[in-house]
Amino acid sequence: MGKPTGFLDYERKVSADVDPKQRIKNFNEFHGHLSLEEQQLQGARCMDCGVPFCQSGMTLCGMTSGCPLHNLVPEWNDLVYTGNWEQAYNRLHKTNNFPEFTARVCPALCEAACTCNLTGDPVATRENEYAIIENAYEKGYAAARPPKTRTGKTVAVVGSGPAGLTVADQLNKRGHLVTVFERSDRIGGLLMYGIPNMKLDKKVVERKIKVMEEEGIRFVPNADIGKNVKADMLLKEFDRVVLACGSADPRDINVPGRDADGIYFAVDFLGRNTKSLLDSGFKDKKYVDTKDRHVIIIGGGDTGNDCVATAIRHGAGSVTQIEMMPKAPDERAQNNPWPEWPKICKTDYGQEEAAAVYGHDPRIYESTVKEFIKDKSGKLKGVKTVRLVWEKDASGRMINKEAAGSEKVLDADIVLIAAGFLGAQKYVTDAFQVEVDQRANVKTASGSFQTSVENVFTAGDMHTGQSLVVKAIRQGRECAREVDGSLMGYTNLYIQ
């Protein structure tokens, strides 16, 4: 695939980002993009390797290596190189329902597993993907394609995040009549209110939703199943129901002072911010204003980084990010060889912006919160932290303990808890009376998406726990295939 000597002839080239001090002035996407001609040269770098690990999606040492969707990466890299953009889109869309999302928010598992990455720089696969899908919209290749026939079967999908949208898209293509119920006022779930606008512009989400509507999918916002819409109604009116509500129950930090005014869950902070931006350009003031405030974020993952970037854009006086784990190495360790996912220190866009604004990386490693400190009126004024020491126990498992005399008090006006999620929200699982496992994820048999309730299926984070958008899409495709088989007695839905 590509040019046989392309990885030798051309250096990896990716688009330049807007300077951190400039991009923090707004909530717009800030990645530049290569011309199609330059992108074709990047496609040429795909080296026709014997085993394309980029599309393997296998698990190595508990981590995913390569694309979970098994995208036909070498094929569409070659088509980019030859300038066959329409066919490149067709091959990409065959395995990926939403390349417009993954090209923006996926951590590029394909690139980490690229054979070129063994001794050099990987193929710029994610930017090739971006070029393919955006060119497809521009040229009309990605326009609506309604199914030619309908089966008459009806399916309700609860939740419009990446898993729910994928289920709906796949089953609609098969000819079933699909209705998607979303509790928020806008469709998109995590894509709409969980990921900030500068990372995924909401016009991109709305563009795809419009195409899906034109293809015959019905969307119902403001429908909170288990609250203002009864689960029994869905079970009676639809042949099948798919639960794809995400892992939406946030993990709390239960220490003294937790009731202080000024502590928010990250998902609420980000959601309110995006809603205010879309509703009024922040004029309604219905967001958490961090201007001139000391902001502390508890959690070091992608959500924590998004909180860093959002707080900075509102003019935070300082931003500190607290992580329990030690800092990862800057380069691969010997016990973390390719093609495993590289366990190295990742400095994301939010941390880059913090370094540019405040002059240092905002992260404090190997620390945890012991107490939230309040003033006399109950408002947050500080956070007491303690340093952690990691060591192996008798079984070889890593555990932590507090380092004596390491307590510190940090100024804090606002704390954002980004410590992950505990599983599906109980009122939803109770409404459908589905069984859950010990992690509060909806329980199914191994390799199945059928819940304990007849005709009710589940997919995405609600099924597996918090994970990546690309894995949610994979779950949605597999679930849709099982639902289709239960409706028709057979299925011809393509997964990989």
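Contact between two elements is taken here to mean heavy atoms within 4.5 Å. In this predicted model, an open sheet of five strands is found, in which the strands follow the order 7-15-8-9-10 and pair in parallel. The edges of the sheet are formed by strand 7 (263-265) and strand 10 (363-364), each of which pairs on one side only. Within the sheet, strand 8 (residues 294-298) runs parallel to strand 15 (residues 414-417) and is joined to it by four bridges, and Ile-296 has Val-415 of strand 15 as its bridge partner.

Helices lie across these strands. Helix 13 (residues 266-280) lies across strand 7 and strand 15, and its direction makes an angle of about 85° with strand 7. Helix 14 (residues 302-313), in turn, lies across strand 8, strand 9 (318-322) and strand 15, running at about 175° to strand 9.

A packed pair of helices is described by the angle between the two axes and by the distance between them. For helix 9 (residues 162-174) and helix 18 (residues 469-488), the angle is about 40° and the axes are 7 Å apart. Angles from 65 to 115 degrees count as roughly perpendicular and those under 35 degrees as roughly parallel, and helix 9 and helix 18 are therefore oblique to each other; their crossing is right-handed. The residues of helix 9 that take part in this contact include Pro-162, Val-167 and Leu-171, while those of helix 18 include Val-469, Ile-473 and Met-488. By class, the contact of helix 9 with helix 18 comprises 11 nonpolar, three polar and three charged residues.

Note on methods:
Residues numbered from 1 in each chain as written. Predicted model: local features only at pLDDT ≥ 70, side-chain atom pairs only at ≥ 80, totals over all residues. Heavy atoms only, no water. Pairing = 2+ DSSP bridges. Helix = DSSP H or I, 4+ residues; strand = E, 2+ residues; numbered from the N terminus. Axes fitted to C-alpha atoms, helices over the stretch in contact; angles between N-to-C directions. Parallel < 35°, antiparallel > 145°, perpendicular 65-115°, else oblique. Left-handed = near helix turned anticlockwise from the far one by under 90°. Nonpolar A, V, L, I, M, F, W, Y, C, P; charged D, E, K, R; others polar.
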